[in-house]
Amino acid sequence: LKSPDENMHTSALYIFIFFVLIVVWVLSGFFIVNPPEKAAVLRFGKFVETADPGLHWIPPLIDSKVIVNIQQVMTYPYQAEMLTQDENIVSVDLVVQYRINNLRDYLFNVANPNESLQQATASALRQVIGQTSLDDVLTSGREKVRQQTTDVLEQTLQRYQTGLLITDVNLLPAKPPEEVTAAFDDAIKAREDEQRFRNQAVTYANRVVPITQGNA
């Protein structure tokens with residue numbers, strides 16, 4: 001049998017250990033969210049709230065957190081050969097820049113947001129290229145193609161609530177099929193020559209007409 005003093009020492013030891021465990025439990029619940037980040041707080045795996053930058057506390061073993069940098073801009077390059085409105089094949093390259101703007105949607109609405117972005121990019125670009133002639137894709141219509149692709153892509157991502165925000169879409173110069181590359185190069189050169197001759201004609205007219213009118 002233990003003496004009363006030994007029992008007291010044992011009880012005090014248990015109380016001390018329990019107190020230490022409580023302190024460790026409380027301290028382990030503190031976490032810091034940095035300015036570019038946000039944290040999703042989960043309770044038994046279910047979303048509870050979003051934590052903004054700063055010091056926060058959650059009850060360990062009950063709540064958990066997922067901290068994500070929502071200001072980081074990521075890039076996704078895409079390249080494919082597509083059919084234009086006038087049934088020509090063109091090789092198109094673009095780079096999509098995006099970031100996370102809704103942490104809850106990004107983590108829980110779709111199984112793989114990045115894969116959804118890739119599929120949406122391919123679908124949007126094919127839709128726009130399919131409504132555009134090859135000449136426009138290669139020359140003066142490139143900016144229109146870029147803007148339309150951006151609009152369709154943004155609408156798709158919003159509809160599926162992926163939590164992603166498109167910051168920019170950079171459409172690289174498209175390439176015609178190799179068999180007709182030379183012909184298109186000649187067409188582009190002819191268009192540039194036409195514009196140059198027009199500018200020269202306007203310059204000549206601006207110089208000669210006032211003199212002719214003055215002589216008249």
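These legends describe close-up views of a predicted model.

**View 1. Helix α5, end to end.** Helix α5 covers residues 142-160. At 1.5 Å a residue, its 19 residues should span 27 Å. Just past the helix comes Q161, with a positive phi of about 50 degrees.

**View 2. The buried residues of α5.** Eight positions in α5 are listed by name here: V145, R146, T149, T150, V152, L153, T156 and L157 are buried. An α-helix has 3.6 residues a turn, so residues three or four places apart point the same way.

**View 3. Helix α3 against helix α5.** Two packed helices are described by the angle between their axes and the distance between the axes. For α3 and α5, the angle is about 135 degrees and the axes lie 9 Å apart. That angle makes α3 oblique to α5. The crossing of the pair is right-handed.

**View 4. Residues at the α3-α5 contact.** From α3 come L117, A120, T121, A124, L125, Q127, V128 and I129. They meet V145, Q148, T149, V152, L153, T156 and L157 of α5. By class, the contact residues divide into 10 nonpolar and 5 polar, with no charged residue. Several of the α5 residues named here are also buried, among them V145, T149 and V152.

**View 5. E37 in strand β2.** E37 belongs to β2, which runs over residues 37-43. Is E37 buried or exposed? Its relative accessible area is 19%, so E37 is buried, the cut-off being under 20%. Leaving aside neighbours within four places in sequence, E37 is in contact with P53, I67, V68, N69 and I70. L172 is 135 residues from E37 in sequence. In space, the C-alpha atoms of E37 and L172 are 32 Å apart.

**View 6. L134 in helix α4.** L134 sits in α4, a helix of residues 134-138. Its relative accessibility is 2%, so L134 counts as buried. V33 is 101 residues from L134 in sequence. How many Å separate L134 and V33 in space, C-alpha to C-alpha? The two are 49 Å apart.

Terms used: Residues numbered from 1 in each chain as written. Predicted model: local features only at pLDDT ≥ 70, side-chain atom pairs only at ≥ 80, totals over all residues. Heavy atoms only, no water. Helix = DSSP H or I, 4+ residues; strand = E, 2+ residues; numbered from the N terminus. Expected span 1.5 Å × (residues − 1). Buried < 20%, exposed > 50% of the residue type's maximum accessible area, 1.4 Å probe, protein only. Axes fitted to C-alpha atoms, helices over the stretch in contact; angles between N-to-C directions. Parallel < 35°, antiparallel > 145°, perpendicular 65-115°, else oblique. Left-handed = near helix turned anticlockwise from the far one by under 90°. Contact = heavy atoms within 4.5 Å. Nonpolar A, V, L, I, M, F, W, Y, C, P; charged D, E, K, R; others polar.
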